[in-house]
Amino acid sequence: MDAFPTDRDAKRRALLDAVGRARPAVEAGIPAAESGSTLSQPAVDAIQDAGLFRLKMPAELGGADADPCTQMDVIEAMTMVYPSAGWVLMTNATAIGNAGAFLPDEGIEEVFGSGRIPRAATVGGVSSRIEPVDGGFQLTGRWPFCSGVPHSQYICLGARLYSEAGEEVETRTCFVPTAAVTIHDNWHVSGLKGSGSNDVSADHVFVPEHMTWARFGRLRGVRRRGGPIFLLGLPGSVSNEHASFALGVGRLALETVKEVAKSKRRGRGAAAVTLADRQTFQRFVASAELKLRAARLVTYEAHERAWQAVSAGDTPDPELEAELRATAVLSTEVAVEIATQAFRFAGGAALHVEDRLQMCMNDANAGAQHLAVSDVAYENYGQFLLDLPEANAYY
């Protein structure tokens, strides 16, 4: 297992080169992923072999420990290869990265001993409860949208612990072997088809205490390992993922329709012109290009400020966390607009399920359904801008 460079620019180049190495297998697996509702095994193997699932892992465990903007470059690049692969990369890199940073030492030895780096999936929501038992906890519940779970070996599952009086004591993340849960084959959807985001459920599964960690509001846990990225709270630690996914889908849609426009003709006979010759399309291309670049600049600038904060040992303040999430919403809105308009310009040919522009439109809209990019993020950020006392960065 090769170590990643420590220099920020060199690390970024190495990770983008890794995307290039994985690209052929990911592209070749798109038809199988779209029809089978999960990434093909060769695509998963290529992403893992290239080291990309180590994007967020602590360096001391062999990870890249990449800063937020480098993460964005990598996720955006993979999304432009295949949006579902970009989505799985962002979620599964988060899962194994958080485990590496927050698990107790005994859990680290169990999961990562002898240099192992297993594949892991995660669920953002906390939709069940755990009961304390001797040596750990008993976990029961059902969690939707577990992206990448079909090829995972572990899953991060959030659950709430209650007192005997019924009061919530804390929220914990349980790092559970995938074999201990049931995967429900219910990912039959119109967008992000290849992400394998099935429901999972647990029925009285024993979880040793050393395979869990406590979450504290915006804080994901107490960092035991890893670099400054693990000082990012919620939603700041995932806002860059959703922004870069959206920017990748938007860019893929724009570049694809520009290529289509060179040969697609409108009109009849001698009056027919290419789509590229139409002024309305030219206006769209210019507007879309500037909107993508503007959203990207705003998003990168905010996340660079967050990186500087955590590099100084500080978790970003709530207002900056709210801004980070708002930039992800902005990027998502821009992507949905561009992908939808590109689909319309492509005409009837884009109606075929295998058409790339239909995939971009559906995937952009599917990503926009995630809680992380809900419109409430604008409301939260607006509360800070208006100096309202109830301003809150959390979901």
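I start with a term: a nonpolar core is a set of buried Ala, Val, Leu, Ile, Met, Phe, Trp, Tyr and Cys residues joined through side-chain atoms within 4.5 Å. Buried means under 20% relative accessible area, exposed over 50%, and partly exposed in between (1.4 Å probe, protein chains only).

Ground rules: this is a predicted model, where local features need pLDDT of at least 70 and side-chain atom pairs count only at pLDDT 80 or more, while totals for chains, interfaces and linings use all residues. Residues are numbered from 1 along each chain as its sequence is written, and side-chain values use heavy atoms, with hydrogens and water left out.

**Cores.** I looked up the largest nonpolar core and found 69 residues; V26, I47, L52, M78, Y82 and F284 have the most contacts inside it. Apart from it lies another core of 47 residues, W213 and L232 among them.

**Salt bridges.** I count one when a side-chain nitrogen of Lys or Arg is within 4 Å of a carboxyl oxygen of Asp or Glu. That rule gives 20 of them.

Next I checked E241 and K56, whose side chains meet in a salt bridge at 2.4 Å, N to O. Are these two buried or exposed? E241 is buried at 3% relative accessible area, and K56 is buried at 6%.

Then I turned to R23, which forms a salt bridge with E27, the closest N and O atoms being 2.9 Å apart. R23 is partly exposed at 35%, and E27 is partly exposed at 31%.
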